[in-house]
Amino acid sequence: MEGKYANICVDISHEKVDRPFQYKIPEKLQGKLEPGMQVLIPFGRGNKQIKGFVLELTDDSQYPDELCKEIVDVVEGGISAEGRSIALASWMRANYGSTLIAALKTVLPVKEQVKQTTLREIYLNVSEDERKELIKEAERKHHVAKQRLLEAFAGVEALSYGFVTMQLGVSAKTLQAMEKQGILRIESQTLYRNPVKVDENMQTKIQLSEKQQEIVDAFCDDYKNNLRKTYLLHGITGSGKTEVYMEMIAAVIAEGKEAIVLIPEIALTYQTVLRFYRRFGDRISVIHSKLSKGERFDQFERAKRGEIQVMIGPRSALFTPFNNLGLIIIDEEHEGSYKSDGMPKYHARETAEYVALQRGASLVLGSATPSVTAYYKAQKGQYGFFRLQDRFGGRQLPTVHTVDLREELHQGNRSMFSRLLYEKMKERLEKKEQIMLFLNRRGYAGFVTCRSCGYVAKCPHCDVSLTEHGKNKLVCHYCGYETPALRLCPECGSKYIAGFKVGTEQVEERIKVMFPAAKVLRMDGDTTKRKDDYEKILSAFAGEEADILIGTQMIVKGHDFPGVTLVGVLAADLSLSAGDYRAAERTFQLLTQAVGRAGRGKSPGEAVIQTYRPEHYAIVHAADQDYEGFYEEEIAYREVCGYPPVKHMLAVLLTSENESQLTEAVNEIAGRLRDKAMEDIGADPWSVIGPADAVIGRISDSYRKMIYIRHGDYSRLVEAKDMIESMMEEKKKEYARCTVYFDFDPMSGY
Ligand code: ADP
Ligand code: ZN
Ligand code: ZN
């Protein structure tokens, strides 16, 4: 935008961001201003000259011209940390759709005073040999927390009290008991300290393998030649990606630069955190959701002052205000948690690409099962590509059996457990080995399947699964297509055609009947309501307090359980048939991760995948742990149907408590978008899909409808978003009770 006016804020402490002031841009500065720049403005009654930040440029004035003051000049000197954050917020606003305030609040940490509490540190009082003895004893007695704490002390002098209680999950009572026994001492500390104090004498440096070294060298060559780009590191779990990241970071900070490492919260375990502390000691800081706003702000301030060089954390760590950022790493880049669920709905990978470009940094994406989007870009040469094919130490991948549930039905077995899985479970229970049962309910939306032949009802226009709507209808949640519910299977005539309904609780009940003596833990939304429930269940299972762990996708990520030798996937079809274009990708990723959970210890592992569609490519390739095979078939489907990454898609969600107003608004938007497409005919118009009811048509009395827009150029979708925004502004009286949300290249269904 050219812009005759600029909205300026004087200070970015939050209360004031809410009220920017408008200034006129003088002739000499027209076309020269950008969000994030600092300018001199006359302020207040005395027109004292002060500095302010440009938030956005606009052509509409809020006041009559004669009341609008003029900007004096641009403040010389580079863009400051705050200025860069403002520019980033402005980019996010434009590309993801949200208010500028919401975008600013996302990128700027909330300023809050940290309560001045005395910090405590825990020191070990025993020798290294005694520590090892105590670990053995704790292991024997199943003192899980104690064992974990003692293990954490390897190569470490002191741990902060907060780290031990929150991240290691050791209770105050256990600590007191250990202090009484003289194993450790707790000291008060007034100065801020890192949660882990590394014992420099005990730092061990590993020797990279040849393959790992090649990757680090290629990266460093580019870096030293001032070539900054994005790389995808495709390496199976355990292949040493984290070791590679650490070498890259070491190289970058040796040049006086800084690094940000994003790790999904669920994978940000104390083992991972400790590895980084042991390697980089005081130079790093870790943020996570258990920190208070004040503590987080504090960590960001330390980064700004240059006191640390590496920040590790989930999605929001991307906004760390380093001054010399050289490298961003995104581990497990395929993870859904990198997409924000609040407004703006930004994706950390794309935002990181912008930040890297803005700051002259490199970006490294790593995954065992890369997102189709990242792999596509790597294939097209837009990203550099590295590959690590072998597990370090040559540990074997588990043996996978796929069970055809249709066959089970034909043999008269109507239970949710196949005979093979039952037999294997029995065997493990007798051998006292552990079992994980995974029920994949992610994105589950009441699809309809034939248990006799595996037929799944699909939309003829969108090639995604139809979902049940009440008793009598099947609908497509992209285009709104409807068809009567099926009584008989159109493929084979069987009457075993129905919505797929099974929950973790039912699985647990069934196990109690089959194996009454087995000890079972269950992990799902219901059993993890409190903050530490998740950690508690995981550590109980890791401590072998149970034989079987049943759970949703939460159990397949992060933690390693050496005692597990069998993984059962109860119904692979649940996520396969979610009514959105990413269903196969998510299924492949989840199955690959689930299968990989078996046999992390000394004994080899086995996995059983139960499915009604054993021939589906996502299942076949997950069973083979064959990413390339999966990708080839998946990208062919995306090309045929025009789904991301081949084309881009914008999901527009409209909500309102007033159903008739909502229907009118959504129809008018779709109509205008279609009119525009007609105008553009012959000049590559966008396509408009819908309107349709959202998968969840109503949440707390608010109705929800969707429109999807598709085009090869992201910028055309931004244009569509702008068009919708200005239409809603123009009709703000008529549609006062409607709210619009935008989601670019959605990662999940609505
Ligand atoms: P990923 O991040 O790909 O899952 P990790 O970096 O966690 O893999 O490596 C898996 C295990 O193998 C870790 O315990 C790691 O320390 C070890 N490892 C990887 N590469 C080496 C190496 N070159 N020398 C010694 N140990 C290694
Ligand atoms: Zn059938
Ligand atoms: Zn459809």
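**View 1. Four cysteines hold the zinc ion (ligand 2).** In this predicted model, Cys450, Cys453, Cys489 and Cys492 each coordinate the zinc ion through SG, at 2.3 Å. Donors are N, O and S atoms within 2.8 Å of the metal (3.2 Å for Na, K and Ca); water is not among the atoms, so sites may look incomplete. The site is tetrahedral, with angles of 108 to 112° among the four donor atoms. Along the chain, the donors are spaced C-x2-C-x35-C-x2-C. Cys453 sits in the loop between β19 (448–450) and β20 (467–469), and Cys489 in the loop between β22 (482–484) and β23 (497–499), so the pair ties together parts that are 36 residues apart in sequence. Helices (H or I, at least four residues) and strands (E, at least two) are DSSP runs, numbered from the N terminus.

**View 2. Ligand 1 and its shell of 15 residues.** Gln207, Gly238, Thr242, Glu243 and Arg275 come nearest. A residue is near if one of its heavy atoms lies within 4 Å of the molecule. By class, the shell has four nonpolar, eight polar and three charged residues. Here Ala, Val, Leu, Ile, Met, Phe, Trp, Tyr, Cys and Pro count as nonpolar, Asp, Glu, Lys and Arg as charged, and the others, Gly among them, as polar. Helix α9 (residues 241–254) gives the most to the shell, with three residues.

**View 3. Backbone and side-chain atoms beside ligand 1.** A backbone N or O atom of Gln207 lies 2.8 Å from a nitrogen atom of the ligand. For Lys241, a backbone N or O atom is 2.9 Å from a ligand oxygen atom. The side chain of Arg275 places an N or O atom 2.7 Å from an oxygen atom of the ligand.

View 4. Pro645 lies in the loop between α21 (627–641) and β28 (648–656). Pro691 is found in strand β29 (residues 687–699). Most peptide bonds are trans.

**View 5. Glu332 has a positive phi.** The value is near 50°. Glu332 lies in the loop between β14 (325–331) and α12 (348–359).

**Notes.** Residues are numbered from 1 along each chain as its sequence is written, and chains are lettered from A and ligands numbered from 1 in the order in which they are written. In this predicted model, local features need pLDDT of at least 70, side-chain atom pairs count only at pLDDT 80 or more, and totals for chains, interfaces and linings use all residues, while side-chain values use heavy atoms, with hydrogens and water left out.

Definitions and conventions
Polar contact = N/O pair within 3.5 Å; in protein donor to acceptor, adjacent residues only side chain to side chain. Tetrahedral: all angles 85-135°; square planar, octahedral: opposite > 155°, others 65-115°.
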